[in-house]
Amino acid sequence: MEEDGIYTQDGTITISRKPANKKKTGNWKACYFILGNECCERLAYYGMSTNLVNYLRERFNQGNVTAANNVTTWSGTCYITPLIGAFLADSYLGRYWTIASFSVIYAIGMTLLTLSASAPGIKPSCDANGCNPTSAQTSACFIALYLIALGTGGIKPCVSAFGADQFDDSDKKEAIRKSSFFNWFYFSINIGALVASSVLVWIQMNIGWGWSFGAPAVAMIIAVIFFFSGSRLYRLQIPGGSPLTRICQVIVAVLRKINIQVPDDKSLLHETVDVESVIKGSRKLDHTNRFKCLDKAAVETQSDISRGLPNPWRLCTVTQVEELKSVISLLPVWASLIAFAAVYGQMSTMFVLQGNTMDQHVGPRFRIPSASLTIFDTLSVIFWVPLYDRIIVPYASRFTGHKQGFTQLQRMGIGLVISTIAMVVSGILEVVRLDIIRKNNYYDVETIPLSIFWQVPQYFIVGCAEVFTNIGSLEFFYGEAPDAKRSFGMALFLTTTAVGNYASTLLLTIVTKITTRHGNLGWIPDNLNRGHLDYFYWLLTTLSFLNFLVFLWIAKRYRYKNVAAK
């Protein structure tokens, strides 16, 4: 009994593979290193990616649509590769070693990108008439970018889950701290983004691309140092084996017993008599009545009993079946977040291109790069996270009765509404901008006399939406994913950004193809002064609103995960 108070009850171990001591490991003392690592890694990522659309336009002579599509496709890949990292972490390596190994790939990609922007022969040659990239130089740039995409795929799904692993769910005090961790994890992301979208973007526009990509490379090295510095304090979850194998076992077992009737008494379904689940690193899950057809996999037949030890391809435990049910239940919620990701993706593409046409001067001499305005999205997050954690949660909990103020799905829904408002505000600004152009015949003027700071509200509102939707989603997908699939849960959330970026690319391609018929310039020509970017914003507004209605329907029917009591 005394040992139960000393060691964690969630099966975590230390780096030396010993049971994790509650007082000596985990909690905030371990999380400080994880938060420091995330802050530096995000500084590296955003410092390299925030102004990427302008880099491709300037150094590789790409038009607005081509550059925007390349950025959203690459960004989407950065959020699809986490499926690879999550599979390796949950199945074989564990989160700690997955983060460590993929950081090396990340660093190699950052180094190659720095060389492609600075080393003679690798960087495009430029003169007064512009740049003249060769196919080899273009290839070097994109190889570097996609190495970074692969590297970040091992870090993104693991680092937030690894931080949450430092808190024991069976301890009520630690469980509450875990919810707060997700707020401060997102806060640390945006501290890194703040430096990236201000200092590094200014370096890119005023000193040179080589220096601006070199600084993020150094930040990535610091991130790795931060991570390894806390090794002795970390709690590590044991990998549970291949989740894909367990999913396939349930499906095969169901098909083999397709004609068998599920008993009314669900206690007759197969489950281990031990306190722990047979799946390493996973607690038992209570039976639920959703997707009842899958229960056939846990029905014991006479042939199963006569064979002695059960064959997992014929007979699965209730926990294994509930794992698959949990994953299936997450998919509708996942799909309803794609529209939000598409809206969020506009900050690195359409918002930047819109800002390029506006007056970027601050005083007579200083000129702020349009990509630097993402700093206001970052400042918004930095403003809203402590406000939400310290003021909104205690106040809301008085009315909702929920200890965290809102349920995770309620929090996400509020963010979806706010993101729709962001698109409305963006559209209104574009209407005003085009009206000024029409009245003053500014069609061929590079920048119009409308301050770029009129974009601040749309960035600030998107930041507010992030605090509700993205942080709520992080907590939701970590908490609702089965214990042995938590990296997968994080990866599933991240793929909403991937699919959102791909959807944005597809939508932009379709809109361009339709609106440029019969010789028309289209909604988004290279000269935005002659286009209709406002129509694109109204289209996103409509899609966001319809998506919110679908989300409400899904959230109302969702049932949260039940962990079996010990």
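Reader: What makes a residue part of the lining of the largest cavity, and which ones lie nearest its centre?

Author: This is a predicted model, and a lining residue in it needs an atom within 4 Å of a cavity point. For the largest cavity, 43 residues line it, with Arg42, Tyr45, Tyr46, Tyr79 and Tyr344 nearest the centre. Among the elements giving two or more residues to that lining are α2, α4 (64–78) and α17 (486–515). Sorted by class, the lining holds 21 nonpolar, 16 polar and six charged residues.

Reader: What makes α2 and α5 a contact, and which residues make it?

Author: Contact takes heavy atoms within 4.5 Å. On α2 (residues 27–49), Glu41, Arg42, Ala44, Tyr45 and Met48 take part, facing Tyr106, Met110 and Leu113 of α5. Six of these contact residues are nonpolar, none polar and two charged. The two axes come within 12 Å and cross at roughly 35°, in a left-handed crossing.

Reader: Why is Arg232 called exposed?

Author: Its relative accessible area is 65%, and the label exposed applies over 50%, so Arg232 counts as exposed.

Reader: Where is Arg232, and what is it in contact with beyond its neighbours in sequence?

Author: Arg232 is in the loop between α8 (209–229) and α9 (243–256). Leaving out neighbours within four places in sequence, Arg232 is in contact with Ile15 and Thr25. The C-alpha atoms of Arg232 and Thr14 are 7.1 Å apart, though 218 residues separate them along the chain.

Note on methods. Residues are numbered from 1 along each chain as its sequence is written. This is a predicted model: local features need pLDDT of at least 70, side-chain atom pairs count only at pLDDT 80 or more; totals for chains, interfaces and linings use all residues. Side-chain values use heavy atoms; hydrogens and water are left out. Axes are lines fitted to C-alpha atoms, for helices over the stretch in contact, and angles run from 0 to 180 degrees between N-to-C directions. Helices (H or I, at least four residues) and strands (E, at least two) are DSSP runs, numbered from the N terminus. A crossing is left-handed if the near helix is turned anticlockwise from the far one by less than a right angle, and right-handed if clockwise. Ala, Val, Leu, Ile, Met, Phe, Trp, Tyr, Cys and Pro count as nonpolar, Asp, Glu, Lys and Arg as charged, and the others, Gly among them, as polar. On a 1 Å grid over the protein atoms alone, a cavity is a set of points where a 1.4 Å probe fits but cannot get out, and a pocket is an open set with protein on both sides within 12 Å along at least five of seven lines; lining residues have an atom within 4 Å of a point. Buried means under 20% relative accessible area, exposed over 50%, partly exposed in between (1.4 Å probe, protein chains only).
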